[in-house]
Amino acid sequence: MENSFSNENSFNSLINDFGVHYMHNSSNILNQTNDTGTDNNKLIVRQFSPSMLYNIIANDYLLPESLRNVISIKGIYIKTNNGYDILKDIGNDSQIKIIVDNNKRVNLIDNAIYTCIGVLSSFYYKSGLYYKFHVNEISEIEEEQDNRLQQINELLRIASNNNSKRPSEVIWDNLRNQKKTRFLCVFPIRTETKNEFYNHISGCEKVYEFDDRHINFTDVNTFRLKLAEFDRLSFDVIIIMRGGGDGTDFFSNLDIIRIIIEMKTPLLLGVGHQDTNILLRSFVKEWKANPTATGIYLRDLVRNWNDAFELTEKNKELKTENEKHKRDIENYIKKNDGLQKSLTEKTEQNSKVIIELNNAKQRISEFEKREKTKLFVYYVLIAVLILIIIYLLNR
């Protein structure tokens, strides 16, 4: 489905090459004066980057509730002559079309970094879904925040060198080899979503084996040490799960991201909600919105495998049956070839017999003609002889 963000290849690059959600956890306070002239009414404005918005929307192709309010987007401003301008992500090539009032637009500088406050809208055009950001307020030119960005770029480099498999690849390989996949599920010490996860994967015990660990999701150092320990336990896949709400910014901590992208064990992330801004999602190879979605995902993998296995078995049966039919047809053709050859030989023999019969008939016909001629001459001679005898007697 088309949209005004960067093209599908850019999105695949964002997901597969760990594109960055720059400053995704920041928030601004926009003061709004009410009718009484006071400024007590404050609206919390969530800040996004273009790649972050694209990541959220591309998973649903819908405009979630969290993006239907006033939001803030930070990026590199690019002026165009197409009736709209572009705000490009600082960390990658993702971009969004923006509509800026001409009075503000004339003062904007190309390739400068701005923070824009406004409303995101979506619309259909020629069977495609498009997005535009309508800018109400725009900041002064900002200096690039190099420290965090440099760290993020370094983490991108580390992530790009991680050769671990995707969790789904490990699971499918094990299913093919009729081997159980061993999961280590990491939950917070207190969780209300663990049961929801296990409820959705009930019935998968023949192909999955789960072990649980509960650790503190607020202490960075303890979490890092425990995760490094888990990575040495030789599980097939490690799943980190917790629900949404307060505390999900823990997974935007660069120290947490670093230890996770350096892990050797394939990791599946199931944290937050679909539209939760989590920087780590841009660095892991596979993620789901929450523990419930993770359980459904693992369950559906098994169902899809069973469907594919049944289809494969049916294809094998059909292939075996087709091969049998093929052999029967080949034998029938060989048999018919023999019969055809025999028939051809008999036809040739019959043709020779017919030719000989025709020749014999022709010879008989010629013989009969000759015999008739001889008989006629014989009769003539007898008649002449009789005439001679009569002549002599009358004399």
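Me: Which residues form a nonpolar patch on the surface?
Reply: Phe376, Val377, Val380, Leu381, Val384, Ile388, Tyr391 and Leu392, with about 790 Å² of accessible area together. Patch residues have over 30% relative accessible area and no salt bridge; like charges are joined within 9 Å, nonpolar side chains (Val, Leu, Ile, Met, Phe, Trp, Tyr) within 5 Å. A salt bridge is a side-chain nitrogen of Lys or Arg within 4 Å of a carboxyl oxygen of Asp or Glu. Areas are Shrake-Rupley values with a 1.4 Å probe; for residues, only the protein chains shown count as cover. This is a predicted model: local features need pLDDT of at least 70, side-chain atom pairs 80 or more, while totals for chains, interfaces and linings use all residues. Residues are numbered from 1 along each chain, and side-chain values use heavy atoms, without hydrogens and water.

Me: Why is Val384 called partly exposed?
Reply: Its relative accessible area is 41%. Buried means under 20%, exposed over 50%, partly exposed in between. So Val384 is partly exposed. Val384 is found in helix 9 (residues 291-394).

Me: Why is Ser49 called buried?
Reply: Ser49 has a relative accessible area of 2%, so it falls under the 20% limit. Ser49 is in the loop between strand 2 (42-48) and helix 2 (50-60).

Me: What makes the pair Ser49 and Asp89 a polar contact?
Reply: Their side chains are 3.1 Å apart. The definition asks for N or O atoms within 3.5 Å; within protein, one must be able to donate a hydrogen and the other to accept it, and residues adjacent in sequence count only if both atoms are side-chain atoms. The pair therefore qualifies.

Conventions: Helix = DSSP H or I, 4+ residues; strand = E, 2+ residues; numbered from the N terminus. Buried < 20%, exposed > 50% of the residue type's maximum accessible area, 1.4 Å probe, protein only.
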